[in-house]
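Trainee: I have a new model open and would like to learn how to read it. Could we go through it together?
Mentor: Gladly; let us bring it up.

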Amino acid sequence: MPETEADSDRNNNTPISVDNNDVVPDGEMKTQKAEEQNREARKENIQGAAIQDPDQQSTEAEKTYEPENRQKQKRAPNLKLRAAVKIFFFFALTCILFLTLWGVTTYDSLNLSEIVFHLHLPFKGTGGGLVLKGALWTLIPSFFVTIFFGLLVWPLPGNFVPFAWYRDRKLKVRLARGLTLILIVIEVFLVQYYLDIVGFIRAEFAYTSFIEDNYVDPNQVRLQAPPQKRNLVFIFLESMESTYMSKEDGGMMENGRLEHLPLLAKENINFSHHDLLGGFRSSVGTSWTVGAAFGAITGLPLKLPINVNGMSRIEEFFLGATTLGDILKEDGYTNVLMTDCDSTFGGQAMLYDQHGDHLILDLNWARKSGRIPKDYFVFWGFEDYKLFEFAREELSTLAAAGRPFSLTLFTMDTHFEDGHKCPKCPNKFKDKYSNVIACSDRLVTDFVRWIQEQDFYENTTIVVVGDHLTMDKDFMKEVPREERAVFNVFINAAATPVRTKNREFMATDLFPTTLAAMGYEIEGDRLGLGTNLFSGRKTLAEELGVEELDQRFKERSAFYERKFLYNLE
């Protein structure tokens with residue numbers, strides 16, 4: 001069959017004409033096919049990669065991000081360490097805050113002078129469960145608040161979501177910072193409002209010459225003992241205020257808690273801040289037991305600078321100060337201290353041992369001597385009624401020795417909070433503390449009446465004073481502090497006072513006043529910073545005012561520290 005024209009064209013590879021103007025050359029067609037094949041291959045590779053084995057894919061991802069994972073693993077311990085440090089300091093902050101809260105809600109008129117003093121001394125001998133109460137009120141709330149803070153800052157696993165908001169990291173950071181700031185603000189407010197931290201710090205850096213200008217050195221003035229030396233019984237009643245008396249007697253209570261002491265005060269000599277029976281003012285440096293005792297036997301406030309070495313380590317207690325005990329020892333007295341607690345607490349034993357060489361008869365002595373069982377411990381040691389029983393024995397022994405003596409007693413049952421109610425206490429009042437105060441009132445009066453019946457009483461002066469205002473926060477909260485005063489009575493004194501009413505005085509004035517009551521003649525009627533109340537001379541509190549003198553006692557004195565604390569003069 002003859003070839004057609006079309007067949008001839010195909011055999012000769014002649015391009016076919018599709019359109020008059022559209023003819024695709026053979027070379028271009030091959031190029032297009034190759035590009036299409038390459039595109040198909042790439043698609044297959046992408047799809048293959050997408051559906052490859054998951055384990056293999058994970059392995060490749062780990063290889064790809066392996067350096068980054070190693071960096072994260074290295075950073076994780078640092079994050080935990082930083083969080084642990086934050087939690088530690090936050091816990092310390094909460095402990096300080098809750099300890100402050102416990103202190104200002106438990107103690108009445110807590111002050112930094114007392115706190116600083118006790119921080120330099122061992123806490124051995126603390127009674128009344130104070131350490132345990134303080135620890136519980138501090139550690140338990142601090143623990144729970146710190147747990148919440150720890151949840152905010154600790155790097156927990158991402159799948160741990162205890163609360164919906166816990167996923168928000170920025171929110172947790174804000175909460176942690178806000179909580180810390182709030183606690184700091186509260187703490188600053190508390191220490192400033194209740195403790196006047198600014199005034200205390202200012203006083204720490206402000207040296208004045210007030211004490212140096214007004215101090216009268218007992219070694220530099222004439223002190224003349226009477227021809228017949230008189231015995232001394234000095235009784236410090238824990239937290240005993242004249243405020244506890246009825247308003248009729250001069251106190252601040254409708255129904256007075258003191259029945260017998262006011263009778264002693266009326267029969268003898270009571271120095272009062274007003275027209276009726278009254279007492280002396282509490283001041284800086286004498287507002288706790290050892291501080292009050294120090295003021296009463298040296299005429300000085302008890303103050304320690306923050307940076308002084310711990311007195312428990314150097315074992316010296318103001319060796320540069322001349323005390324009542326030092327004077328009596330020099331004049332041949334036998335000095336004895338009796339207390340129903342461990343006298344180590346607050347440096348009490350050091351004070352009386354190093355000043356006047358007192359024989360220390362305390363809780364440890366009572367145990368060793370068999371007067372109480374070796375494991376006996378009630379409240380702060382043993383009860384006041386036992387103390388007065390032992391004191392009767394000791395006085396009989398001292399009187400029989402034929403030498404002049406001084407016996408100093410410290411009671412403890414009326415210590416805050418609420419005191420200790422012994423078997424001798426009445427149930428006359430609704431609250432426990434009132435009954436304990438009434439009990440102390442009767443016990444000490446019975447003891448004084450017993451002394452008055454003894455042969456040695458004729459030549460014995462008795463001084464009965466409270467040591468400071470009560471520290472019980474709730475008991476006298478309705479009475480302004482400036483209207484309260486500390487009880488005092490001088491019995492069988494060898495001096496006659498010029499004026500006893502409307503006097504303003506401090507514990508520091510008891511130093512020369514006690515010597516005057518024993519018959520000593522004092523040149524100038526001043527010793528230390530104290531004034532002999534039997535004289536007509538004004539006290540520093542009367543010259544300057546109570547508040548002004550209190551502020552002056554806060555001021556730091558290079559003379560005080562150099563002479564009394566470090567004994568360098």
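Trainee: Is the crossing of α5 and α6 left-handed or right-handed?

Mentor: Keep in mind that this is a predicted model. Helices α5 and α6 cross in the left-handed sense. Helix α5 covers residues 130-153 and helix α6 residues 169-195; their axes come within 8 Å and cross at roughly 145°.

Trainee: Which residues in α5 and α6 meet there?

Mentor: From α5 come V145, F148, F149, L151, L152 and V153, and they meet K172, L175, A176, L179 and T180 in α6. Sorted by class, this contact has nine nonpolar residues, one polar and one charged.

Trainee: Let us turn to the sheet. What is the order of the strands in the open sheet?

Mentor: The general idea comes before the case. Strands of a sheet pair through backbone hydrogen bonds, and the pairing is either parallel or antiparallel. Here the open sheet has seven strands in the order β3-β8-β7-β2-β6-β4-β5, and the pairing is mixed. At the edges stand β3 (279-280) and β5 (359-361); each has a single partner strand, so one side of each is left without a neighbour in the sheet.

Trainee: In what sense do β2 and β6 pair?

Mentor: They pair in the parallel sense, over five bridges, with β2 spanning residues 231-237 and β6 residues 405-410. To find the place on screen, look for F236, which stands opposite F410 in β6.

Trainee: Which strands does helix α15 lie across?

Mentor: Helix α15 (residues 384-401) lies across β2, β4 (334-339), β5 and β6, and it runs at about 175° to β6.

Trainee: Which element supplies the largest share of the lining of the largest cavity?

Mentor: That is α12, with three residues. Helix α12 (324-330), β2 and β6 each supply at least two residues of this lining. By class, the lining has six nonpolar and six polar residues, with no charged ones.

Trainee: And how much space lies in the second largest cavity?

Mentor: About 70 Å³. It is lined by 13 residues, of which D108, S109, S287, M471 and R481 are the closest to its centre. This lining divides into four nonpolar, six polar and three charged residues.

How values were computed
Residues are numbered from 1 along each chain as its sequence is written. This is a predicted model: local features need pLDDT of at least 70, side-chain atom pairs count only at pLDDT 80 or more; totals for chains, interfaces and linings use all residues. Side-chain values use heavy atoms; hydrogens and water are left out. Two strands pair if DSSP finds at least two bridges between them. Helices (H or I, at least four residues) and strands (E, at least two) are DSSP runs, numbered from the N terminus. Contact means heavy atoms within 4.5 Å. Axes are lines fitted to C-alpha atoms, for helices over the stretch in contact, and angles run from 0 to 180 degrees between N-to-C directions. Ala, Val, Leu, Ile, Met, Phe, Trp, Tyr, Cys and Pro count as nonpolar, Asp, Glu, Lys and Arg as charged, and the others, Gly among them, as polar. On a 1 Å grid over the protein atoms alone, a cavity is a set of points where a 1.4 Å probe fits but cannot get out, and a pocket is an open set with protein on both sides within 12 Å along at least five of seven lines; lining residues have an atom within 4 Å of a point. Grid points are joined across faces, edges and corners, and a volume is the space filled by probe spheres set on the points. A crossing is left-handed if the near helix is turned anticlockwise from the far one by less than a right angle, and right-handed if clockwise.
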